[in-house]
Amino acid sequence: MSVSLSKLEKRTAYTLVLPAVLLVFAIVLFPIFANVWISFKDIELKDIRIPEPRAKKIVKSISENESELKVIYKLRNSSLIQEIRNVQFQDKFPKNISPIDLDPRCNFKSKKIICDFGNWEAKYRENFEIIIKNTNDERIDKKIIKSRKPILSGTANNPLLTTNFTLKNFKKVFYENNFVELLLTTFYFTFFGTVGAIIFGILAAQLVNQNIRGRTYMRGILLFPYVGPVVALAYTWTLLLDPNSGTLNALLVNFNIIETPINLLGQKYITLSILGFEFKLRLALTTVIFFEIWRYFPLAFLFILARLQAIPQSLYEAAEVDGASPTQKFIHITLPQITAIISILFMIRFIWNFNKFEDIFLLTGGASGTRTLPINVYQQGFAVSDIGMGSAVSIVIVMLLLSFMFIYFRLVGKKANED
Amino acid sequence: MKIKSLIIFLVISSFFLTCILSIWKIMSTLQGLSFTNLNITLVFSIGIFLSLLFVIIGNKINHLIKIFGLSFLFSILYFYLNEASPYWYILGVFLITLFFTNKLKKYSIQSLKEDFISEKIIFDFITLFGIVFFAFVILFPFYIMLVTSFKTQIALLVNPLDFSLDFSKNLTELFKSYFVIFDTYNFTRYILISSAVSIGTVIVTLLFAIPAAYAVARLNFFGKNFLSTSILIIYMFPAIVLVIPLYTVFSQLGLRNSIFGLLIVYTATTLPVAIYMLQGYFKSIPKEIEDAGIMDGQNWFGIILKIIIPLSLPAIASVALYVFMIAWNEFLFSLMFLDSPKSFTLSRAIQYLSGDAETPRQYLMAGSVVVTLPVLFIFIYFEKYLVSGLTAGSVKE
């Protein structure tokens, strides 16, 4: 009895879970594996269509009473690089019509012209002509002839499924792609974006956690950058920072803080001199990092606030009795309580910043020193249209991500064992 | 000791006053006033003077009289020592000083002798400063977005600082950008598409996620633990690594440029979060209620429909809102999959508009306002649900 019940339970469970699992598998997991396959292929954006035979039909009259017509089919192979084998052609005509001097590759049977064109190499083109005649010498309606579409078929290899592999893409990724700079930019962006978001998150949470009026409103407002659509926010910032007529530069010039406008998103380096030391700052990258912090500190804020509100008030009261200063309270009570959530946040934000595409793409498009790995996937795959190369960069991203997760779980697991 | 805390008090409080007055001045500049100097040193020195007077007077006179008197004095000093400015500006200065002096209430010569008073002063003013700073930094871009949509390109090129709105113009003139984007740029269509995709995603995601979450929360089956851990790992995987394979496969299947294709992708990418959030809530429902349902002879379909769903409406609402927001804001897939303006979503349409350098910026900003407003309204209205959704869904963007 109980055995059959648990069997029933299992069957029910699988029916309930399966649709979701299959969908996620098809759209999320399958592409990750497909990336591996594509990254070993020499394939470009224009190659991904399966080649197919195409025909365009043109009808011309060649006799006075239109009882004879010339039908021209402009035949072509849609692919520029792949052949199509065994092309079959078929076109249907109304009754009382027969072809004259039919091409040897074709035959006419029960109102149909059927041709066997054999193999078409890549870029193949041909103007194929047929002359048709009405057997009763009556006028043929051109429109009817024109309206019938010929049917073509042929077999071609799906360029994605062929089994010729190459290591070319990976060689290019590591040797011809400024790989070290790419990696460094990605790490700068990720690290400073993450740390900045967490610091601002702690500050904001600390503010809102106090007994001030309107703190619920404040919490709502602080989340605005996070819930707003990235497109709208990124374009607003681009306008704000524009060197020619952007508000920020105009304000700074107006109040004589700077002399000439600074192109915050379009300038790769800026030379700063502090205490006599001159150093170069990655300007556009820094600006993008600030945007990133602005947009994502709310998430850190929300989590840290939730944690802060869970700290028992008695801890602070006890500290008060012991004569602790506000700084001591923060360091000895608040910080230890939020380290766990901060480490989780750091991990999550680090991984997500590492994969951030939209923000950088919309602000700079990856120009002026803001090219990160995800931007490179897009550039290689769609701007240079080298799909294989784009996939190879994706694989690098996946590998790095897996190693971050491994390191993180190793560290967290170790800590959990020690506790 | 007392001198030290007094100095800290004076410096920090006047620094805070200088900051809010500078923000006020910047905002006024954007209303067309032509200030060219922030006069930081001047404001700072009269700030110190004001705070000093405040502490010295202490409790000798009524607090209300004191703050009004001091603010009035400050405003007059400010008015004479500063550039010429209209009365509404000075009124603003007066109100800000009033707010500021009111905040100084608890400080007096006596209170400066307390323990750790310097630290307390610093913390107090950092809190105040932080609130003003965060509010300004967050709201300023939204303000610029909104106001730019009501201006014209030419006016902004002539004076990029003048964001004052002329309400004497008739409404059609003022809302011209909105009329243009709806009439010429077809934004009605994009709104419909975006809504259809987002609402569709919510419905399909819930249809798939509720049964799956129920199974994960309640039933025992082989691979359950594996499934619940892999849910967490799956959301760590970013959209950018899925894009190329999905693009090639969707091209071959003819699913690009279709709303259906977008719907599938959005559903699949939000499903893990939805399942994770829902199963957590389902676990908190007492099992006895379901047992009663089983006694009545309900099958799992009946249990989910008649017991689980009615009991977990708040959780379902927060998942729905959260998924809606993700789908509405999504940009990467709509950029990759949609080439033809016939099937653009709002985000993609705005990006397409910006691709044309000729597009005046007010149209771009009007479009941005159109795409932002629904999300902000939903957020403000359902903040409670969304915040719990955000914290539960934790990891996903």
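1. Domains of chain B. In this predicted model, chain B is divided into domain 1 (2-148) and domain 2 (179-392); such bounds come from an automatic or database domain assignment. The centres of domain 1 of chain B and domain 2 of chain B, taken over C-alpha atoms, are separated by 46 Å.

2. Conventions. Residues are numbered from 1 along each chain as its sequence is written, while chains are lettered from A and ligands numbered from 1 in the order in which they are written. The model being predicted, local features need pLDDT of at least 70 and side-chain atom pairs count only at pLDDT 80 or more, whereas totals for chains, interfaces and linings use all residues.

3. Fold and extent of chain B. Chain B has 19 helices and zero strands; helices (H or I, at least four residues) and strands (E, at least two) are DSSP runs, numbered from the N terminus. Its radius of gyration is 29 Å, well over the 21 Å that the globule rule gives for 397 residues, so chain B is more spread out than a compact globule. The radius is taken over C-alpha atoms, and the rule is 2.2 Å times the number of residues to the power 0.38. Along its principal axes, the C-alpha trace of chain B spans about 80 × 55 × 35 Å.

4. Burial and contacts in chain B. Of the 397 residues in chain B, 42% are buried. A residue is buried if 20 or more other C-beta atoms lie within 10 Å of its own, exposed if 12 or fewer, and partly exposed in between, with C-beta atoms placed from the backbone. Among contacts in chain B between residues at least 6 apart in sequence, 78% join residues at least 24 apart; a contact requires C-beta atoms, placed from the backbone, to lie within 7 Å.

5. Fold and extent of chain A. Chain A has 13 helices and ten strands. The C-alpha atoms of chain A fill a box of roughly 115 × 85 × 45 Å along the principal axes. Buried residues account for 36% of the 419 residues in chain A. For contacts in chain A between residues at least 6 apart in sequence, the share that joins residues at least 24 apart is 72%.

6. Domains of chain A. Chain A is divided into domain 1 (53-155) and domain 2 (170-418). The C-alpha centres of domain 1 of chain A and domain 2 of chain A lie 63 Å apart.

7. First sheet described. An open sheet of four strands in chain A has the order β1-β2-β7-β4, with antiparallel pairing. The strands β1 (53-61) and β4 (97-100) of chain A stand at the edges, each with a single partner strand, so one side of each is left without a neighbour in the sheet. The twist averages 30° from one strand to the next; axes are lines fitted to C-alpha atoms, for helices over the stretch in contact, and angles run from 0 to 180 degrees between N-to-C directions. Nine bridges join β2 (residues 68-77) of chain A to the antiparallel β7 (residues 125-134) of chain A; two strands pair if DSSP finds at least two bridges between them. K74(A) has N127(A) in β7(A) as its bridge partner.

8. Four strands of chain A form an open, antiparallel sheet in the order β5-β6-β3-β8. Its edge strands are β5 (106-109) and β8 (151-155) of chain A, each pairing on one side only. Neighbouring strands of this sheet are turned by 15° against each other on average, direction ignored. Strand β3 (residues 84-92) of chain A and β8(A) run antiparallel and are joined by four bridges. The bridge partner of Q90(A) in β8(A) is I151(A).

9. Hairpin of chain A. Strands β9 (residues 269-274) and β10 (residues 277-282) of chain A run antiparallel and are joined by six bridges. T271(A) stands opposite K280(A) in β10(A). The hairpin has two residues between its strands, and L275(A) takes a positive phi near 55° there.

10. Surroundings of T370(A). T370(A) lies in the loop between α11 (358-363) and α12 (373-383) of chain A. This residue counts as buried because it has 26 C-beta neighbours inside 10 Å. Not counting residues up to four places away in sequence, T370(A) touches T185(A), A284(A), L285(A), V288(A), I360(A) and T364(A). T286(A) is 84 residues from T370(A) in sequence and 9.0 Å from T370(A) in space, C-alpha to C-alpha.

11. Interface. The contact between the chains takes 76 residues from chain A and 83 residues from chain B. Helix α1 (residues 2-39) of chain A gives the most to the side of chain A that touches chain B, with 18 residues. That side of chain A divides into 53 nonpolar, 19 polar and four charged residues. Here Ala, Val, Leu, Ile, Met, Phe, Trp, Tyr, Cys and Pro count as nonpolar, Asp, Glu, Lys and Arg as charged, and the others, Gly among them, as polar.

Definitions and conventions
Contact = placed C-beta atoms within 7 Å.
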